[in-house]
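Here's a quick walk through a multi-chain model, written for someone who would rather look at the picture than read a table. Keep the viewer open as you go.

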Amino acid sequence: MAAREFWKRHENLYFALTNKKVLIGISIFTLMILLAIFGPALTPYSYDEFAGEGYLPPSKDHLFGTTLMGKDVFTRTVYGLRSTFAVGFIAGTIATLIGCIIGFLAGYYGKWIDEALMMITNIFLVFPLLALLIILAAYLPYRGIMTISIIVGMTAWPWTARAVRSQTLSIKNQGYVNLSRISGISVFRILREDIAANMFSYVFMVYILQFSGTILAAVGLEFLGLGPTQGVSLGLVMQNAVNWNAIQLGLWWWAILPGLVLTILVVSLYFINTGLDEVFNPRLREM
Amino acid sequence: MGKYLSKKLLIYLITFFIAVTINWAIPRFMPGDPISILLSRFSGLEGGREIIEGQFVQSFGLNQPLLTQYFNFWRSLFAGDLGISIYVFPKPVINVIKEAIIYDIILLVPAIILSWIVGNKLGAYSGVNRKADNIMMPFFYFLTSAPYFWFAVVVAFIFGVKLAFFPISNAYSSTVQPGFNLPFIFDFLKHWFLPFLTLFLVQLGGWAIGMRNMIIYERSSNYSKYMESLGASDRLIRNYGFRNGILPQVTGLAIRLGTVVSGALLTEIVFSYPGLGYLMLRAILNQDYFLIQGCFLFIVIMVLAANFIVDIIYMIIDPRVRLSYSGEV
Amino acid sequence: MAVILVFAFATVSLAYERSETLVYGGGLWGAPSNWNPLTPWAEVTGTGGLVYEKLFHYYPLSNEYQPWLAESGEWVTDNTYLITLRKGIKWTDGEEFNAEDVKFTFEIAKDNPLHYSNIWDWLTDIEVVDSHKLMFIFDNPHYQEWKQILYDLRIIPEHIWSKIPADELLTTANENPVGTGPYMADSWAQDRMIWVRNEDWWGNEVFGKPAPKNLVNLVVSGNNVALGMLMKRELDLSNFFIPGVPKIKDTFGLTTWYKGAPYMLSENVALLFLNTTKKPLDDVKLRRAMAFAINPEMISEKVFEEQVQVADPTGLFGKAWMEYHSEDVVDEYGFSYDPAKAKEMLEQAGYVDADGDGWRDAPDGTEMRFEIIVPNGWTDWMESIKIIANNLQEVGINAVPGFPDYSIYMDKIQQGTFDMVINNFGSSRSATPFTYWNWVASDEINGEIVTDGNYSRYDDPELFNLIDEFNVLQSDDPRAMEVAAEIQKKLLQAMPSIPLWYNGLWAQSTSQYWTNWPTENNPEGYPCTWAGKWQYGSIEMLINLKPAQ
Amino acid sequence: MRENILEIRELKAYYKILKGDVKALDGVTFNVRRGEILGVAGESGCGKSTLASTLIYRKPPLKYISGEARLLGQDIMKMPEREFKKLRLKNISIIPQYALDAFSPTKKIKTFIGDLVSEHGIRPNKKFYDKVAERLDMVNLDPSVLNRYSIELSGGMKQRIIMIISSILDPDFLIADEITSALDVSSQRFVANLLANLRDEGIIGSAMFITHDLSILYQIAERIMIMYAGHFAEIGPTDEIVKNPRHPYTKALLASLPQVGIQYKDKRLTGIKGTPPHLLNIGPGCRFRFRCPYRTEKCEETPLREKVNEDHYVSCWNSKNIGSDNHG
């Protein structure tokens with residue numbers, strides 16, 4: 001049967017789609033994306049509008065309650081989620097790209113290129129990034145989502161480079177790549193046909209981790225007040241909540257729910273990642 | 001052994017060198033001319049302005065060639081001179097930082113060590129016990145996904161506001177006299193607990209997940225099979241697996257130190273715990289660039305030092321490195 | 001272990017007895033590091049007031065002077081002011097306080113550039129009549145400024161400060177401050193300043209002894225921390241703007257000056273400065289229309305939960321200033337929230353949507369777009385300008401809020417590159433409206449940067465002359481009323497800045513350890529621990545406090 | 001007749017996976033006698049290593065299905081793990097295929113041995129280590145290796161140490177699973193001789209030598225068992241098997257051996273066309289029939305085990321035809 005043939009050919013996809021963790025993760029992630037895309041359309045309020053009374057706990061009119069001033073926390077959360085996704089996509093992509101390129105070059109060419117690139121990578125790796133981000137952001141008077149994404153992305157790549165390097169090393173030493181190399185096929189083609197194809201799943205997983213990692217880094221900056229200078233972001237919502245005494249005043253919906261949404265988003269990414277890990281490394285599947 | 005350490009040291013030295021250079025370069029080369037903005041900020045302070053301007057001209061050496069400025073920067077750095085704080089005027093930045101860094105150490109060292117130990121133990125248990133695994137793993141994922149400061153808010157809300165067991169700000173009560181006495185120590189621990197708990201728990205998830213995977217991995221390794229074939233008990237095999245699984249976890253410790261320190265900075269802010277993170281926030285809010293730079297430098301030094309300690313520990317526990325059979329850095 | 005325990009208990013007694021200690025926060029923002037009375041902007045709050053005393057105290061609520069180090073002071077002629085000092089006052093190192101110290105305090109500013117050096121532009125000489133009498137001789141007495149100097153200047157001991165080299169006057173941290181005041185510096189840590197009562201204070205017999213044996217001034221990092229500490233009774237008094245106070249003050253037993261709205265006394269006025277050097281903000285019609293478009297009522301209600309009062313169109317408040325308030329001027333030139341009227345004014349002035357983009361354009365057809373800025377992180381103001389931007393948008397003016405970092409904010413103010421900005425740095429309550437006018441309409445606008453107020457850079461020599469004239473008029477001079485009315489009229493007519501609301505003297509106190517806090521029903525003292533304001537009645541508050549049972 | 005140390009009857013063990021059963025060990029019967037080295041041979045995937053695993057290390061997805069395996073009279077298939085554990089190392093032991101990788105990298109050899117025997121209630125005291133040193137001497141190793149980590153040892157040293165460890169408690173039955181595969185020719189001979197020595201010295205009671213290399217077996221095994229695709233093919237005294245094979249597969253196997261030298265790099269049999277069948281959900285019938293030149297219709301049924309000779313058994317419907325044409 002055609003279907004059976006298809007699954008046979010894409011065994012990993014089959015395992016991925018039957019893996020409980022991947023399914024749960026993807027469902028939640030999709031839900032979050034939908035929330036970010038359609039959430040703002042679903043809510044009758046705008047994020048900075050005084051939508052009602054202050055201090056309102058969650059209700060039908062205000063799913064996540066209202067802030068002290070009467071802004072709708074749900075609206076703020078979904079708008080913030082948008083910016084969070086934007087940062088994750090942009091910064092995650094930048095970090096993954098840089099990491100892959102450096103990791104591949106180091107792994108493929110070896111020798112002094114490897115030494116030099118790994119030196120740089122290790123330096124970035126030990127650098128306390130938040131401190132670096134703070135010092136960068138502190139000197140940038142106006143910051144947009146793009147600026148934040150770029151500085152976060154530019155600093156988040158090192159572990160990806162290391163991981164990709166060791167993957168490249170192991171794939172490089174497999175017979176078929178050696179064969180291609182001996183037959184004088186261009187590096188680019190080897191990269192595209194042999195290595196990229198074999199590393200696709202791996203890079204995908206790396207991307208997922210970078211996505212969540214950069215989101216967390218960006219939210220940390222936002223919480224410090226070093227996020228985008230305009231608009232609303234999840235870190236900013238949380239910073240507001242802390243600054244406006246949401247904890248002490250007992251407005252848990254304001255202090256906790258936006259962060260909970262973020263945490264669930266990150267958990268979903270972890271689930272997808274570990275699920276895929278089990279798919280690609282059957283040893284973990286046994287458990 | 002020598003090669004391993006010297007290679008590591010080289011990396012740390014270069015990192016330190018770069019950190020200092022960044023510190024030097026950012027205010028000079030960033031767009032928007034931050035120095036002149038800084039200068040204008042103090043124009044409002046009668047009398048104070050001249051002092052701070054003098055300090056700027058002196059420490060930035062603005063009238064000298066760039067290279068000279070750079071060397072002077074290093075010279076004063078080695079003399080322990082990081083400038084004078086604006087926010088805590090006129091205290092030298094180095095003194096301000098010295099007083100704050102104690103709190104980071106008191107908070108971070110136990111949190112890192114305990115969470116590493118407990119996380120590894122729990123992870124190892126989870127790796128061999130399916131039931132425990134199913135219950136604990138989602139929890140660990142949750143912990144490791146939570147942003148430090150959000151978790152701090154949750155902990156503060158539950159333990160500080162709802163249950164009101166612990167204070168949620170400062171390092172000790174306003175009324176106790178700091179010193180070596182029981183009321184103070186007790187009070188200090190009470191204030192210390194929630195930020196500690198936050199750092200402890202958020203990290204815990206990561207260690208546990210790491211160890212669980214390591215244990216499963218080690219459990220399926222050949223030596224485990226061999227030992228089981230020869231009748232070794234689960235306990236012994238688990239111990240062996242733990243012993244080997246610990247190694248990547250130690251390396252992981254080095255890799256994650258930076259994140260943990262960042263997390264501590266944010267946690268301190270939520271709990272107004274007067275360490276470097278809190279200090280840095282104050283410095284940001286007060287545009288105290290000397291202090292921001294000082295904090296940055298000290299955080300880098302702290303992380304590098306911790307990395308170096310981890311390296312030495314790693315060397316002690318991994319015979320492969322000790323015997324120089326592995327060049328992996 | 002036993003040794004440790006013994007040691008532990010031995011040091012226990014050093015802890016401050018909570019029932020004798022007043023714990024407060026809100027005026028100390030960093031680790032204590034400076035007790036130099038010559039750099040009041042950098043001193044630990046209380047240095048001036050608790051340690052270094054002033055000649056007079058000034059009670060803003062009754063608008064009265066309380067002789068302090070001085071026993072009396074009076075203009076004996078139009079240009080001589082005689083001060084008689086109290087006798088028997090000692091510096092805390094045992095030296096006697098006398099007229100030489102006062103003379104020294106003034107004269108040190110003659111020889112060194114200090115923040116009050118410009119007094120020598122109009123002061124000629126100080127004659128020590130006897131050990132407790134001084135005669136100040138002026139060539140051009142600035143009566144109004146003098147009023148402020150009397151209660152602002154920290155008197156310092158000659159026998160100590162004369163020995164400090166000139167180049168260290170501003171840089172010394174003065175870690176062992178020797179003053180005459182009711183408290184002495186005891187110890188400090190990263191997060192607190194601890195003062196201990198001066199049992200030999202001269203005022204103990206004159207006014208009574210301050211109740212708390214120790215004052216612990218905590219560095220409280222923000223209002224959220226302050227609120228938590230108030231709830232836990234760790235703080236007796238907080239001088240923070242704390243969101244939520246109206247909601248929870250009764251539940252948590254917090255005392256504020258007024259029981260209900262506006263809860264707080266007013267302390268200064270927040271104004272919206274319009275940059276008159278920028279087109280089309282140079283058009284007074286546009287500026288006046290904006291004043292009608294903005295709804296400070298909503299800011300007070302939403303952002304401040306009614307903890308602030310909406311400002312009078314003149315910006316004046318408090319007994320001293322209101323004496324000069326002109327109802328007639330306000331009736332004629334005042335403004336109030338009236339969007340319909342604002343629209344009408346805009347239409348008449350030719351501000352219509354010429355290009356059909358939904359926003360009004362300038363009469364010459366150019367597009368208008370304004371940015372209103374406040375420093376990033378100043379959360380209450382950030383919310384406020386969002387409302388202002390909304391208000392302006394509602395009448396068709398394209399205005400957006402902006403939150404640059406503080407340095408940029410200051411830079412823009414000083415360089416004059418902003419459109420609109422909220423500020424209140426020089427509008428604090430004082431004994432004379434001169435201080436307010438001299439700031440809001442300062443004539444120091446032609447330098448490279450503007451730092452002394454009048455950020456709008458509104459240039460009107462006539463107005464400046466009026467303010468200068470007011471300065472040299474005695475308060476009871478009938479001409480003073482006329483000048484004051486004229487100043488108010490000019491400011492309202494030209495509207496270079498729009499007074500919006502009165503920022504409060506934020507103060508919340510708890511009664512776990514101390515009672516008898518100053519409130520509207522017990523207006524004895526002033527619940528303020530901010531730097532430079534202890535002379536407004538904070539010492540009286542300390543004297544009147546009663547330990548809770 | 002010597003005592004049977006191990007008696008296997010119709011032993012079946014499958015890999016239970018998502019898609020079904022991989023019938024890797026499907027009805028095998030044989031004995032191992034005291035003092036004997038039984039060689040087990042076949043292509044990779046024939047079930048010989050599964051046999052080793054079934055006997056000593058069954059882990060999911062490998063599952064025991066039926067049949068019995070009596071070690072010294074006790075059925076170790078039905079025995080609770082706790083009890084079987086006591087037999088390990090003392091009565092049954094294994095030199096695994098992965099001997100070079102069987103050490104924990106962070107433990108000294110001494111600790112490793114000590115920990116293992118402690119599990120069997122033996123105190124690793126001086127007397128014990130003297131014995132270990134003695135054994136090491138047997139394999140030309142200095143006792144100082146005990147204080148080394150595995151990374152400090154060469155492949156040959158590791159192989160020898162593992163042999164010492166696996167036999168340290170003088171087991172009655174020792175499985176040697178592909179112990180020569182990773183070694184060079186001279187080491188192979190050394191290791192094979194060592195196994196024979198251990199037997200001769202009475203240190204091990206008997207051994208099962210699993211390999212795909214018939215020429216080694218010819219040197220040290222008393223009897224040889226041939227397996228194919230999880231099925232028993234043939235068992236008999238070494239000489240009989242080599243000179244008078246009765247199973248077509250044995251025959252093909254022998255034919256594929258180069259006459260001079262040993263060539264085992266290519267595990268596939270060049271002499272036989274085709275590859276072994278996939279064992280997933282495989283049905284009945286002789287599993288060699290797809291490649292067998294003697295194939296008849298009868299081969300659709302699983303062949304029964306028949307006695308050819310004293311000690312010589314075969315599972316092939318056509319064994320009679322095959323035996324005759326090979327004589328000579």
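## Who touches whom

First, a reminder that this is a predicted model. Four pairs of chains touch, and the pair with the most contacts is A and B. Chains A and C meet too: 17 residues of chain A are in contact with 22 residues of chain C. On the chain A side of that meeting, you'll find nine nonpolar residues, seven polar ones and one charged one.

Chain A and chain D have no contact, and their closest C-alpha atoms are 9 Å apart. Chain C and chain D have no contact either, with 39 Å between their closest C-alpha atoms.

## How chain C is divided

Chain C splits into three parts: domain 1 (22-47 + 181-257 + 507-547), domain 2 (56-161) and domain 3 (265-504). Take domains 1 and 3 of chain C: their centres, taken over C-alpha atoms, are 32 Å apart. Six residues of domain 1 of chain C are in contact with six residues of domain 3 of chain C. On the domain 1 side, five of the touching residues are nonpolar, none is polar and one is charged.

## A four-stranded sheet in chain C

Now look for an open sheet of four strands in chain C, with the order S4-S5-S7-S6 and antiparallel pairing. Why do S4 (70-77) and S6 (123-130) of chain C each have one side without a neighbour in the sheet? Both strands stand at the edges and have a single partner strand each, so that side is left open. On average, neighbouring strands here are turned by 20 degrees against each other, direction ignored.

Zoom in on S6(C) and you'll see six bridges joining it to S7 (residues 133-138) of chain C, with the two strands antiparallel. Leu123(C) has Phe138(C) in S7(C) as its bridge partner. Helix H3 (residues 99-111) of chain C lies across S5 (80-85), S6 and S7 of chain C, and runs at about 170 degrees to S6(C).

## Strand S10 in chain D

Is S10 (residues 231-237) of chain D mostly covered or mostly uncovered? Mostly covered: six of its seven residues are buried.

S10(D) is joined to S9 (residues 223-228) of chain D by six bridges, in an antiparallel arrangement. Here Met227(D) stands opposite Phe232(D). The two strands make a hairpin with two residues between them, and Ala229(D) in the turn has a positive phi of about 50 degrees. S10(D) is also joined by two bridges to S12 (residues 312-315) of chain D, again antiparallel, and there Ile235(D) stands opposite Tyr313(D).

Notes: Residues are numbered from 1 along each chain as its sequence is written. Chains are lettered from A and ligands numbered from 1 in the order in which they are written. This is a predicted model: local features need pLDDT of at least 70, side-chain atom pairs count only at pLDDT 80 or more; totals for chains, interfaces and linings use all residues. Two residues are in contact if their C-beta atoms, placed from the backbone, lie within 7 Å. Ala, Val, Leu, Ile, Met, Phe, Trp, Tyr, Cys and Pro count as nonpolar, Asp, Glu, Lys and Arg as charged, and the others, Gly among them, as polar. Two strands pair if DSSP finds at least two bridges between them. Axes are lines fitted to C-alpha atoms, for helices over the stretch in contact, and angles run from 0 to 180 degrees between N-to-C directions. Domain bounds come from an automatic or database domain assignment. A residue is buried if 20 or more other C-beta atoms lie within 10 Å of its own, exposed if 12 or fewer, and partly exposed in between; C-beta atoms are placed from the backbone.
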